[in-house]
Amino acid sequence: MDDHADQQLLSPGLSFAAGRLAAASATALTHEDAATRLRAEERVARWRAVLGGMSDGRITVGSRTPASGLPAWVTPEVVHGGFATGAARAGGPLEPYEEQAARRAGVPATRAALFDHWLTGPGLAWLWELLDSGRYEVALPEEAALPTVAWLVRAGDLAAARALVAELAPFADRLRFTPRPAAEPFPDSPAVHRRTAGEAGEALARRRPHPRVEAQREALTVWAPFGDAVLAHWLETAGTARMPEAVSDRAPEPGWPARGAALLRRYRELAAAHPLCGKHRNPKENLGILLGALEECVAGRPLDRRLLGLLRHAVGSMVRRRGLPGSAAHTALRGAQTAQAALPSHHAFAQLVLRRMADLPQGAGVADPAPLVAPVGEEEAVETGLPAGARVPDAVRRPVEAALSAPVATLVERGVVPSAEVLAQLVPQLVAATTARAYQDPALRTLMAANHRAFGNRRSLLLLDLQHQVRAEELPWVRAVAGRRDDAAASDGARELLRELGGLAVRAFPATVLPNPLVRELSVLARQAGLGAPLVEELAADIFTGGFTPKFLTAARIAGELLAGSVYERYYGIDYAAVRNLAVIEAAGASKRSPQPRSSAGFGELCHERARVTGGRWSVAANGKVIEQAQILTTHNLAVLVARAGIDPGPGAGWDDLARRCFTTVCRLTARIQGHRWPLATIKDAAYAWRQMVFHLSLCGPEEREAVLWWLTEEVVRHPWHVSARLAPALAGLRLVCAGGTFGSRGTALRGRGRRLLGWTTEEHWLRPAPEPPTAPSQGRR
């Protein structure tokens, strides 16, 4: 990367980190919730570490080894934006299980002492027992390192064990290399879960009584009845309960002051016992006025004219608003309020569900959440005070239902997985089991599956110069047992899982670009299956330096094989024959060079040319235009998944169904543009969904495509008028292309008013200006 681009990165990088630090500091200082303030303080410490490391050179932004002294395989602590703090995730103070291991072994409570202990006879024996039982949890990949050493020793491969120990030893005093014991082995099942039972329980335990709800409950159960009693007491002075405006400063009978004094004593007791409401303390509120006047009368002081006027006004307004105490209207109102106040709180329901979950394995998902969120039983009603048969509120049900353990397709169907991003979080559980099938030894297979699950949680670094994220096969302990793999044994399973997961992602979220974490997991399966399916990541426009790795050109060539002559090729003005020729030329040149080139110069030039971006000043918008052209040429993995993995629309569906769902998303996103102050991100997402729609439409037959085009016209009018007005040029352009027309170099139709819909622009986007509202026929006649 040249100096100019480097400076462009460093300045925004420092600004971004400083901005996040400022935001975290503000939250830590001002937020009303103590737990939120504590989490913000932790973020403040991490962002200070980022800025400090960038300033003194301990952190190299954009490198695979950002922290000085730590190799690439060490899991770094990464904060938002891919910035490393310089710390290792497997470092820090000893975990409780490490301290217990040190006490059990009789060695000092240091990682160096523990590392030496694990290499002794008793230490290896304990690790062998752990491997055979499977009762352990690998939270970070490093925790699989010493169990791998133990497995190699037992397998008789002492040379590989010694080499691995030598690579780990320089970090023995800093990093933990053993897993934490678990009560049960990780379930060997196709079911996955978004949350564990323990995590669902923690979410429920954090649900405290809501202050405002409890204040309202106090107001209805304590202060409303007391206010009625004070009002009735004052109404006695009118001589009749029907004439509140006749309230006087004279007591109607000798016992009235004594009863008033009792009310004041009761007030002080209630105020001390029920502090949630403060309205009664306000002397300008009705109850405050009644109490203030009562204090004067009980003390034997006559009411002055001002206070008497306030008293009469307060009594009159209270009666007019709710009726006389004891009247039918007043009784009905207080009855409804009492019933409302008697409703149990979400906190009480959360405590009930927590009791039901107490005996579940806390480290696994929940096979059947239904009994946990069933209505309150008779015995439970007696024990908890909750009404029998009461339904658990949705807010309490959701954390439990999110812990459902089931096949991933079931989780998607039930809404537990609402997005492709959430799907990406679950996929490592499935990919881990599939990739581990390559190991014939059961103990090693379980260990490598646990390692992959942990590696799937590794956060991506901000990288420059076409570097790729660290892959699981680069970890020293994975390399040490690479010779034990039988990839042929796992390739069929990898191919089938790639087809299943890729198809599920496209079918469930057809308008969404595959997120990078999901792309990485699918890439693991594609490599293991040997499909030659180059899946490409979404690049960040703010750190893009203009180049693309060779797999982008390969992906574009595969897209051309699928889409040559299609609506997609014509709509986006692609010459896939030229792309194929470029791929052939670069492949021939690469075969003559060693090492292989890290970038595809021809593909980068093609994307710049299509984006009409040449030289000049660096900008995020210009970068975005170039990246978007790469996504268009490659279809951002859709063509590769169809052509190489063989994904399909699913049983009983067709590509036309996916196209329709994409357009519905386009309309929904376009509706958000109206009145939006900063709509460019929404416009970009709408254009991406539109591109997915054009792809799916291109795989339809002529009759299906024609039916979809008619449907688009009917669907758009179901949305607000400004949606139809904004999308009219895009729809006209699509119809034109489907009829055989073309766009000019500027993306406008050579015939008609159609326009090509793209997301990125260096000018004002044509979707952004507010369209003119339609004129009613009557207005036109005037």
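These entries record what I looked up on cavities and on one helix in this predicted model.

**Ground rules.** I number residues from 1 along each chain as its sequence is written, and side-chain values use heavy atoms, without hydrogens or water. In this predicted model, local features need pLDDT of at least 70 and side-chain atom pairs count only at pLDDT 80 or more, while totals for chains, interfaces and linings use all residues.

**Cavities.** I searched the whole structure and found five cavities of 30 Å³ or more. A cavity is a set of points on a 1 Å grid over the protein atoms alone where a 1.4 Å probe fits but cannot get out; lining residues have an atom within 4 Å of a point. Volume is the space filled by probe spheres set on the points.

**Largest cavity.** I get about 70 Å³ for the largest cavity. Its lining includes E98, W118, L146 and F177. Helix α4 (residues 111–118) gives the most to this lining, with four residues. Helices here are DSSP runs (H or I, at least four residues), numbered from the N terminus. By class I count seven nonpolar, one polar and three charged residues in the lining.

**Second largest cavity.** This one holds about 60 Å³. Among its lining residues are R64, P66, P71, R458 and L461. The classes are eight nonpolar, one polar and two charged.

**Helix α10.** I checked the span of α10 (residues 256–273): its 18 residues at 1.5 Å a residue should span 26 Å, and its end C-alpha atoms are 26 Å apart, which agrees. The expected span is 1.5 Å times one less than the number of residues. Buried residues (under 20% relative accessible area, 1.4 Å probe, protein chains only) in α10 include W256, L263, Y267 and L270. Their cover includes α9 (211–235) and α11 (286–298).

How values were computed. On a 1 Å grid over the protein atoms alone, a cavity is a set of points where a 1.4 Å probe fits but cannot get out, and a pocket is an open set with protein on both sides within 12 Å along at least five of seven lines; lining residues have an atom within 4 Å of a point. Helices (H or I, at least four residues) and strands (E, at least two) are DSSP runs, numbered from the N terminus. Ala, Val, Leu, Ile, Met, Phe, Trp, Tyr, Cys and Pro count as nonpolar, Asp, Glu, Lys and Arg as charged, and the others, Gly among them, as polar. Buried means under 20% relative accessible area, exposed over 50%, partly exposed in between (1.4 Å probe, protein chains only). Contact means heavy atoms within 4.5 Å.
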